[in-house]
Every structure is written in structure tokens, then in C-alpha cells.
Amino acid sequence: MTRVVIVGAGPAGLAAADAALRAGAGVSLLDAAEQPGGQYHRMLPAAFRAELPDKIQHGRRAFDRRRRRVLDHPRCTWLPETSVWSLELRDGEPPLVHALRGVADGADRESVTLVPDALVLATGAHDRVLPFPGWTLPGVFTAGAAQALAKGERLAVGENVVVSGTGPFLLPVAASLSQVDARVLAVFEANQPRTVLRGWTRDAGELVPHLKKAGELAGYAAGQLRQRVPYRMGRAVVEARGDGRVEEVVVARLRADWSIIPGTGRTLAADAVCVGHGFTAQLELPVAAGCDLAGDAVLVDAGQRTSRPGVFAAGEITGIAGAPSAVDSGTVAGWLAAGGDPARITGALRRRDRGRAFGRRLARAHPIGGGWTGWLRPDTVICRCEAVDHACLNRALAAPVTAGARSVKLATRAGLGPCQGRICGPAVAELSAAAGAEVARPHHRPIAQPIRLGELANLRTEENP
Amino acid sequence: MSPRLVPGGTDRVRRRDRPIRLTVDGEPVSGVDGQTIAGVLLAAGRTAWRTDPAGEPRGVFCGIGACFDCVVTVGAERDVRACRRRARDGDEVRTQARAEDR
């Protein structure tokens with residue numbers, strides 16, 4: 001029996017598991033969280049003993065059916081609270097998967113090693129947030145954090161909240177905040193209506209299959225209108241201010257390139273601001289597996305195969321396109337990883353192609369304008385972990401001795417902190433490129449997740465639990 | 001003007017909360033079984049519990065374990081991401097200052 005190991009149990013990973021089981025494989029499904037669903041189908045903790053959890057879940061029924069089908073399947077081994085920290089390369093075969101099982105960042109987690117015949121990587125993405133003055137103040141959250149705390153813990157990050165950034169994801173974030181009784185003062189979309197409209201409608205013939213997604217977005221938009229949350233385009237939060245925490249934000253009008261139109265800044269009192277400028281794919285494991293990248297995504301062929309033998313990729317790491325698209329790419333990856341006949345999944349293949357087209361449209365409609373660098377001041381922190389500011393980074397980029405990507409890192413410590421450049425990496429890369437300096441290759445982290453030295457010293461290998 | 005947990009009694013998902021008690025730097029803090037440590041701290045009105053290398057306050061930023069801004073010490077375990085660790089009754093949480101590490 002083919003053993004398919006799937007890393008990540010979000011929409012893509014769960015669909016991959018479902019398809020691989022249907023194709024007759026044995027499946028090991030791993031996720032760092034306690035429950036499947038990923039960020040999109042974030043579930044309430046069982047300990048909340050909610051009688052009506054469906055009240056707050058979007059598209060929950062199909063997900064629930066799939067979750068039960070996968071987790072209850074006799075050929076499926078579900079490994080919750082399992083963090084993959086390393087992939088060990090093998091010739092001509094997918095790598096060994098080294099993971100730790102136990103509570104998050106615990107000190108005595110159990111080590112497991114899985115030996116896959118095929119490996120499906122579905123590690124998803126996290127919010128990308130551009131730096132701006134005051135973004136390190138407590139009360140500034142990523143849009144995803146606000147969403148996770150609202151959906152996963154019934155917690156409102158503030159009472160008077162501003163949502164800012166770009167992309168359709170800002171709307172469900174605002175809706176989630178409303179559901180935990182936060183007052184959403186406004187949603188600011190940095191792109192101009194013209195940019196968004198042109199991005200979505202180019203090659204309009206392609207748009208028809210996206211009606212379901214469009215309907216979903218319209219549903220959110222209608223919900224917004226009912227709740228009277230203003231949606232303002234061509235504007236952004238460009239500064240957060242307060243004494244030790246957010247007390248007010250500065251909102252400015254932007255040109256199409258996101259540079260600030262002078263004199264348009266106005267302040268708005270708020271105790272929380274939730275920001276998301278698109279997403280960063282979590283590429284540590286694909287890079288560790290030696291997979292080729294295409295820009296900010298894993299390069300995959302029509303069968304979701306990466307450049308490495310036996311390694312497949314699905315979901316947001318193959319291109320940011322949202323949960324429905326992730327499901328289709330997961331189905332394709334799981335089915336083919338299990339050795340299924342492609343002729344029997346023509347529907348999923350077709351939907352996956354539409355999903356990819358949707359992702360291209362999304363990127364065109366909600367680009368990041370290069371003018372954001374004008375929001376920065378010399379003392380604006382760029383690397384949150386090491387508190388490296390813009391002036392410090394600029395000094396290193398300007399000096400010929402330190403302008404190399406590695407030297408910039410070592411001279412400033414930007415990217416050397418606990419998050420290993422996950423948050424500041426894209427911003428540092430863009431600022432380096434703008435200064436004409438060398439840009440670091442991101443995501444190369446031999447240790448993908450933190451592991452304690454004691455755990456490393458005591459590794460006991462248990463294969464394929 | 002703080003983060004706030006939807007009260008269990010009025011929550012539309014009908015939670016049946018079980019209270020838990022933690023200490024944070026020795027002070028008692030109450031929470032609800034199932035919350036993360038970050039959730040407990042936020043709901044208790046704390047928006048910051050760590051200082052960065054420049055001495056500035058930090059709390060939760062990414063909320064999903066990517067940024068490491070929210071790390072705390074739980075019992076004998078340092079550098080635990082508060083947004084990813086479920087709080088357990090009796091947890092002794094201590095806040096951290098990055099400057100101390102140097």
C-alpha cells in the first residue's frame with residue numbers, strides 16, 4: 001500500500017487526504033494544531049463545549065463531512081499537535097519527515113519520523129504586513145490574528161477597530177470582528193477602485209466560473225452594508241500612535257502606487273487596528289525538500305508535482321487563491337500522490353485550473369504598490385524581532401562592504417531573530433531591491449520549526465506511527 | 001477599551017465555560033478552559049507582556065505562531081508562543097524581556 005504523508009490539514013491538506021484515501025493509499029495527516037481546518041476553518045476549542053458551533057462557521061457542513069470521512073477512515077493516521085522541524089533528503093525518493101508531537105513549544109515532545117512513498121506539502125500562508133510607523137505598538141494585529149482570535153476563541157481584539165490593507169480577505173475579517181461585538185469603524189482597501197476593477201475583469205470571459213466565489217464576496221459585502229461598516233478604497237492606515245498601545249491611527253489617501261497624497265492624513269481614534277497586505281506562503285518545507293520555486297510560490301506541474309521526486313504541493317504555497325481553490329489543488333495532489341488515474345478526476349483538474357486563474361486575477365486586482373516605502377520614517381522598525389529600524393537598514397544597504405544580502409543581515413540583524421525573517425523578509429527584500437542591493441533568497445531555514453536542544457539531544461525515532 | 005471575550009452566557013454558539021486560574025508573574029488571572037494563554041492575557045486586559053530588544057512593549061501580533069512576538073515562560077519552559085499554547089489550570093506564566101537575553 002502506498003503511504004502518503006500530508007503536512008498541513010487545512011482546506012488543501014484535508015482534501016488531499018480525502019482523495020488519497022479514495023485512491024486506496026494509507027495516509028498520515030500531520031498538523032501543528034489540535035484540530036484540522038487550518039486558518040480558514042478554524043474550529044472552536046472542544047473545551048468551550050459550544051452547543052451551536054455552526055453559528056459562526058462559513059461553509060461548515062462540507063468541511064465537517066470531509067473532516068469526519070478522513071479522520072474516521074481506517075487507513076488514515078491523524079497526527080494533531082505535530083510540528084515538522086526537518087526534512088531529510090533521500091536519492092530518488094521523497095524525504096524523511098522528522099516531527100515532534102505534543103503541546104506547542106513544549107519541552108518534552110515525542111519525536112516521530114515518517115517514511116513517505118509520496119509527500120504532499122500543504123503548509124498554507126500567513127498574513128503579509130508592510131511596516132509602517134507604530135506597527136509594533138500593542139493593539140496592532142495582523143488581520144489573520146483578529147480572525148483567529150474571533151473565530152477560534154470568541155475574543156474581540158478591541159472595541160473600536162480599524163481594518164486596513166488590501167484584498168477580499170479584509171471583508172470576512174471585518175465580519176468576524178462584528179460577530180464578537182467589536183465595532184468596525186471602517187475597512188480601508190489601499191488599492192484604487194480602478195485597479196481592483198481592472199484586475200478582476202480583464203479577460204472577462206474567465207470570470208463566469210468564479211461566480212460562486214464572487215457570490216461569497218458579495219455576501220460579505222452585503223453583510224458589511226447591513227452592519228453599516230464603511231468600505232473605503234484608495235486609503236490606508238499609514239501610522240499607529242499611542243502611549244504603550246494603539247490609541248489612534250492616521251489614515252491617508254493613496255495614489256495608485258500607494259504613495260501618500262500629501263495633506264490627506266486624518267486621525268481616527270481606535271484601540272485596535274488589523275492589517276493585512278496579502279499573504280506570504282510558508283515555504284520552509286518545500287525549500288528544505290529542494291523544490292524549485294516560481295516567484296513566491298512552489299513550482300508545480302499540472303498534477304501538483306514539484307521538481308522533486310514524489311513530492312507534491314497544494315494550496316496557498318502553490319499560489320495564493322483562497323480556500324475553494326486550495327481544496328481543488330489538494331484533491332489533485334492527494335489523488336495523484338496515491339497513484340490514482342488522472343482521467344478519473346477531470347472535474348477537480350478543471351476546477352483547479354479555474355482556481356489558478358482566480359489567483360492570477362486576485363494578484364492583479366490587489367497588488368502591493370511600491371510607494372509604501374514612503375510611509376516609513378528613519379525610526380520605523382522594519383525587523384520586529386530585532387527592532388532594526390529603517391535608518392539602520394539603509395546605512396547597511398548604502399555601504400558597499402555590507403550591501404550583500406548576507407552582510408545586510410549580519411550587520412543589522414534584520415531577519416536573525418526568533419521569527420527568522422518570516423515577517424520582515426519580504427519588506428527587507430523589497431527595500432534591498434529598491435536600493436539596488438542584492439536580495440536574499442527567502443525561506444531557507446534548515447530547522448523549519450523551533451526545537452529545544454534537549455529534544456534534539458534525546459531524539460528517539462519512531463517510524464510511521 | 002480593551003480586548004474582550006464574548007461573555008459565555010450571551011454567546012450565540014452557547015459555550016458552557018469552565019473557569020481556570022493561572023498566575024502571571026505571580027498575580028492570579030482567571031480564564032476559560034480552551035483559551036490560549038494569549039487569549040487569557042488579552043481577555044484579562046493585558047495588551048502587552050514582553051519587551052523587545054529596544055525595551056518597547058509587545059503582545060500578540062500574528063496570532064498564529066509565525067512572528068514570536070508573544071512568547072512567554074510557562075512553568076519551566078521558556079519561549080512558548082502564547083498564541084499557540086492552550087492555557088491549563090494552574091499554569092505559572094512569566095513574562096519575558098528580550099533585553100535580558102543578551
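Me: How are α1(A) and α2(A) oriented to each other: parallel, antiparallel, perpendicular or oblique?

Reply: Before the answer, the conventions: this is a predicted model, in which local features need pLDDT of at least 70 and side-chain atom pairs count only at pLDDT 80 or more, whereas totals for chains, interfaces and linings use all residues. Residues are numbered from 1 along each chain as its sequence is written, chains are lettered from A and ligands numbered from 1 in the order in which they are written, and side-chain values use heavy atoms, with hydrogens and water left out.

Helices (H or I, at least four residues) and strands (E, at least two) are DSSP runs numbered from the N terminus. Axes are lines fitted to C-alpha atoms, for helices over the stretch in contact, with angles from 0 to 180 degrees between N-to-C directions. Angles under 35 degrees count as roughly parallel, over 145 as roughly antiparallel, 65 to 115 as roughly perpendicular and the rest as oblique. Here the axes of helix α1 (residues 11–22) and helix α2 (residues 60–71) of chain A come within 10 Å and cross at roughly 50 degrees; α1(A) and α2(A) are therefore oblique to each other.

Me: Which hand does the crossing of α1(A) and α2(A) have?

Reply: A crossing is left-handed if the near helix is turned anticlockwise from the far one by less than a right angle, and right-handed if clockwise. The crossing of α1(A) and α2(A) is left-handed.

Me: How many residues of helix α3 of chain A are buried?

Reply: Buried means under 20% relative accessible area, exposed over 50%, and partly exposed in between (1.4 Å probe, protein chains only). In helix α3 (residues 143–153) of chain A, 11 of the 11 residues are buried, so the helix is largely enclosed by the rest of the structure. Among them are the charged residues A:K151 and A:E153. Just after α3(A), A:R154 takes a positive phi of about 60 degrees.

Me: With which side chain does A:R154 meet in a salt bridge?

Reply: Side chains of opposite charge can pair when their charged atoms come close. The criterion for a salt bridge is a side-chain nitrogen of Lys or Arg within 4 Å of a carboxyl oxygen of Asp or Glu. A:R154 pairs with B:D11 at 2.6 Å, N to O. This pair crosses between chains, from the loop between α3 and β10 (155–156) of chain A to the loop between β1 (4–5) and β2 (19–24) of chain B. Both A:R154 and B:D11 are buried. Over all chains, the structure holds 29 salt bridges.

Me: Where does the salt bridge of B:D69 with A:R384 lie?

Reply: The closest N and O atoms of B:D69 and A:R384 are 2.6 Å apart. The pair crosses between chains, with B:D69 in the loop between β5 and β6 (71–74) of chain B and A:R384 in the loop between β22 (381–383) and β23 (388–389) of chain A. B:D69 is buried because its relative accessible area is 2%, and A:R384 is buried at 4%.
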